[in-house]
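These notes are meant for a colleague opening this entry for the first time. They take up the ligand site and then the packing of the helices, point by point.

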Amino acid sequence: MNPAPLSSPTAGIVARGLDKCFGEGEARVHVLKGADFTARLGEMMFLVGPSGCGKTTLLSIIAGTLAADAGELTVFGQDLRKLGGDGLAGFRAQRVGFVFQQFNLIPTITVAENVSVPLLITGHAPRVAEERARRMLARVGLADRADSRPGKLSGGQQQRVAIARALVHEPTLLLCDEPTAALDRDNGQQVMRLMREVARDAGRCVVIVTHDNRTYGYADRMAEMEDGRILRVLEDPAAIRAHHGATA
Ligand SMILES: Nc1ncnc2c1ncn2[C@@H]1O[C@H](COP(=O)(O)OP(=O)(O)O)[C@@H](O)[C@H]1O
Ligand SMILES: [Mg+2]
């Protein structure tokens, strides 16, 4: 791969030599073994690899929810290791949106209230938060479901709510962990189109962890991970289709 310089303005994420172990003694597992990873602004960067190879661990380190044992990591030119606890919490709250495989919506409150949460966390008044949440829901085509409970929505609709929640505070970094795994083909395509729009429109950095090859046609670049390392980066969508038989 051709690593971007650490200070490059187009380098949304630059990770070098990330190492991470879990557990102690006999139970110790070496999960990341010098992983290098870059993602640029405005692109859809895919991270693929077999179950257990370390994808979620790498994503969590980039999100600032987990610390690496060793290695370098800059996100938009900011060295995450140099942020203290409060700085890191602020970075996460303001700059990162996270979409999970299982949506992780709160079942007891409405869709609009779910989407408001990141704004309430970053100190917006409830009325402002609610208004912005409704506007965001309109963008993902769910204006008419704002007052429903999440459980009343289809899987595809719930994942779009989760995306609205991840985007409502306008984060620069959108991290998605197997966002289409629980969706059928049509809903999966709809979700991917939305992500692409988000990446292109706002120049956000979008990283998608997946092993759903129905979505590979949406990748601008693809990092292939195995056993704690990035083995190869495919820089060209045509190469991705050729190697992985994308059906999108
Ligand atoms: N908090 C943890 N404690 C111990 N082991 C963990 C923890 N998180 C992940 N692992 C282990 O690290 C390996 C990689 O996990 P993960 O990053 O979730 O892989 P992937 O997302 O590629 O499936 C797995 O063997 C997993 O069991
Ligand atoms: Mg995972």
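Predicted model: local features only at pLDDT ≥ 70, side-chain atom pairs only at ≥ 80, totals over all residues.

1. Lys-55 belongs to the set of residues around ligand 1, which consists of Phe-22, Val-31, Pro-50, Ser-51, Gly-52, Cys-53, Gly-54, Lys-55, Thr-56 and Thr-57. Within this set, Thr-56 has a polar side-chain atom 2.9 Å from an oxygen atom of ligand 1, whereas for Cys-53 it is a backbone N or O atom that lies 3.3 Å from an oxygen atom of the ligand.

2. Turning to the helices, helix 3 (residues 111-121) packs against helix 5 (residues 155-167) at an angle of about 30°, and their axes are 7 Å apart. Because angles under 35 degrees count as roughly parallel, helix 3 is described as roughly parallel to helix 5, and the crossing of the two is right-handed. On the side of helix 3 the contact involves Val-111, Asn-114, Val-115 and Pro-118, which meet Val-161, Ala-164 and Arg-165 of helix 5; sorted by class, these are five nonpolar residues, one polar and one charged.

3. Helix 5 also packs against helix 6 (residues 185-202), where the axes come within 9 Å and cross at roughly 15°, so that helix 5 is roughly parallel to helix 6 as well. This crossing, too, is right-handed. Helix 5 contributes Gly-156, Gln-159, Arg-160, Ile-163 and Leu-167 to the contact, and helix 6 contributes Asn-187, Gln-190, Val-191, Leu-194, Met-195 and Val-198. By class, the contact of helix 5 with helix 6 comprises six nonpolar, four polar and one charged residues.

4. How does helix 3 lie relative to helix 4 (residues 126-139), and at roughly what angle do their axes cross? The axes come within 8 Å and cross at roughly 120°, which means that helix 3 is oblique to helix 4, in a crossing that is right-handed. From helix 3, Val-111, Ala-112, Val-115, Ser-116, Leu-119 and Leu-120 take part, and they meet Pro-126, Ala-129, Glu-130, Arg-132, Ala-133, Arg-134, Met-136 and Leu-137 of helix 4. The residues of this contact divide into ten nonpolar, one polar and three charged.

Notes: Residues numbered from 1 in each chain as written. Chains lettered and ligands numbered in written order. Heavy atoms only, no water. Axes fitted to C-alpha atoms, helices over the stretch in contact; angles between N-to-C directions. Helix = DSSP H or I, 4+ residues; strand = E, 2+ residues; numbered from the N terminus. Parallel < 35°, antiparallel > 145°, perpendicular 65-115°, else oblique. Left-handed = near helix turned anticlockwise from the far one by under 90°. Contact = heavy atoms within 4.5 Å. Nonpolar A, V, L, I, M, F, W, Y, C, P; charged D, E, K, R; others polar. Near = heavy atom within 4 Å. Polar contact = N/O pair within 3.5 Å; in protein donor to acceptor, adjacent residues only side chain to side chain.
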